[in-house]
Amino acid sequence: MTQGQATLRIDGHSLSCRTIAQVARDDVGVQLDPAALERAREAWEQAESIAQRRQVYGRTTGVGANRHEAVDGEAAVGHALRLLRSHAGGAGPLLRDDHVRATLVVRLNQLAAGGSGIHPRMLEALARTLVEGALPAVHRLGAIGTGDLTMLAEIGLTLAGERPWAVGGLPAVQVDLGDALALMSSNAATLAEAALACGDLQVLLRASHVVAALSYRALGGSPEAYAAAVHRAKPHPGQVLCASEMRRLLGMEGSAVAGRRIQDPFGLRAFPQVQGPALDSLADLERILEIEVNATAENPLVSTDLGDVFHHAHFHTAYVAVALDQARAALHHVAELSTARLGDLVEPGMTDLPPFLASGPPGSSGVMILEYVAQDALAQLRHAALPVTLGTAVVSRGLEDHASFSTQAARQATAAVDSFRLVLACELVAAVRALRMQDADIAHLPVGKAFDRAVEVLEPALEDRSLTADVELAAGLLPELSGI
């Protein structure tokens, strides 16, 4: 931990999507709460005692369909390492560094909640890994939403000194009999990816209010669609919030100038009704994720209060999978409206500007290509928005006969982030260009701050030229605009 570095106390019950991202991306350190360490010690001692009296899955038995195979006597020696070795069979590309760090902090926090029966030294090792900035090499493929077994096994074997570190390194940690399953019995990598994607999408949705407001001004939109009286009549929370944000950004709280049309195209008029479900879905996803990352979801669950262990199915993540599917579907609708507004911005009848916002000799193309880029990104987003929860899997000799595929849902959410960012960036480039060509006077409005900032960043030249750099700059500007 570097001097002056911000730190997050890991206590097992207060981790959030925001703080996961801070640890993963913003050089925030961690400090393990001593009370959490003591809870882990009590659960470990309890599990050790109970295992002397009855079978405990994964501690005195095999796993999966081997649950009836007793592990005792000489066979118990090395059982934990055998479990880790056999399950560390991940494949495909390695996880991104921020994903690995997010996984480490999620699993550490879950273990800090107590109930796993893992030895406290494993918590200390995970915390030390984060503090030192060391990173295990973790493969991406090998989970179906019923536990990130391969990913966490690879992390466990790295801690045990049997796999090379991707970044840095720590001395090997002893892995005891009950430590392997206790470490692997989690969806930490899936939850980590979902939490990062959830935060990214929330930033982009906030930015989409600003981008839509710029398009509204360029298109001379009607204020009636955002009126408070309209949204009181059908008060879905996200819809009400969206309309309120549009009124704030466009200075509509008092008297508003009438729009050019009695009714606008859906890209403007239906924006609150389409943005609202996405806002609500992301809020619901965040709530579900924060329950999961602070849950005592270990299987088996060691209850120090009752002096017993419970075998259950908390490893199943249907809540997460369904929430991710809903969020991506709602996001796709928002992106469709963005491309619709982009289509309006290149239409002379909507802006009183040349076709495609061109400036130059007849036949100049202006921003024509932006529609192609945006529609390509939208097509990718449409693919990422397809539901993954409609299939299932039967594995482990039929014992595990259902899967949520939350892991795949989280991966698709990550893909959706990149696609949605590009769609919004294309609209932003066109909206700013249209406002420049109109010599729009919006400095007195809150959204005027966004326009002024975009004018500083984007290339002012209007002649036909490559817009690649403009789109990239606009995409990079979206997080900043989300705070306006």
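Colleague: How many helices and strands are in the protein chain?

Modeller: The chain has 18 helices and 8 strands. Keep in mind that this is a predicted model.

Colleague: What does the C-alpha trace span along its principal axes?

Modeller: The span is about 85 × 45 × 45 Å.

Colleague: And what share of the residues counts as buried?

Modeller: The chain has 484 residues, and 56% of them count as buried.

Colleague: How do I read the contacts along the sequence? What percentage join residues at least 24 apart?

Modeller: Start with contacts between residues at least 6 apart in sequence. Of these, 79% join residues at least 24 apart.

Colleague: Now the domains. Which domains is the chain divided into?

Modeller: Domain 1 covers 7-185, and domain 2 covers 197-482. Their C-alpha centres lie 36 Å apart.

Colleague: How many residues of each domain are in contact with the other?

Modeller: Domain 1 brings 45 residues, in contact with 38 residues of domain 2.

Colleague: Next, cavities. What is the general idea?

Modeller: Roll a probe the size of a water molecule over the atoms, and it shows where empty space is left. In this structure, a search of the whole model finds 4 cavities of 30 Å³ or more. The largest cavity holds about 90 Å³ of space.

Colleague: Which residues lie closest to the centre of the largest cavity?

Modeller: Tyr57, Ser116, Gly178, Ala182 and Pro300 do, out of 13 lining residues. By class, the lining has 6 nonpolar, 5 polar and 2 charged residues.

Colleague: Let us zoom in on one residue. Where is asparagine 109 placed?

Modeller: Asparagine 109 sits in helix 4, which runs over residues 97-112.

Colleague: Is asparagine 109 buried or exposed?

Modeller: Buried means under 20% relative accessible area. Asparagine 109 has 1% relative accessibility, so it counts as buried.

Colleague: What does the side chain of asparagine 109 reach?

Modeller: It reaches the backbone nitrogen of glycine 12, at 3.0 Å.

Key: Residues are numbered from 1 along each chain as its sequence is written. This is a predicted model: local features need pLDDT of at least 70, side-chain atom pairs count only at pLDDT 80 or more; totals for chains, interfaces and linings use all residues. Side-chain values use heavy atoms; hydrogens and water are left out. On a 1 Å grid over the protein atoms alone, a cavity is a set of points where a 1.4 Å probe fits but cannot get out, and a pocket is an open set with protein on both sides within 12 Å along at least five of seven lines; lining residues have an atom within 4 Å of a point. Grid points are joined across faces, edges and corners, and a volume is the space filled by probe spheres set on the points. Ala, Val, Leu, Ile, Met, Phe, Trp, Tyr, Cys and Pro count as nonpolar, Asp, Glu, Lys and Arg as charged, and the others, Gly among them, as polar. Helices (H or I, at least four residues) and strands (E, at least two) are DSSP runs, numbered from the N terminus. Buried means under 20% relative accessible area, exposed over 50%, partly exposed in between (1.4 Å probe, protein chains only). A polar contact is a pair of N or O atoms within 3.5 Å; within protein, one must be able to donate a hydrogen and the other to accept it, and residues adjacent in sequence count only if both atoms are side-chain atoms. Contact means heavy atoms within 4.5 Å. Domain bounds come from an automatic or database domain assignment.
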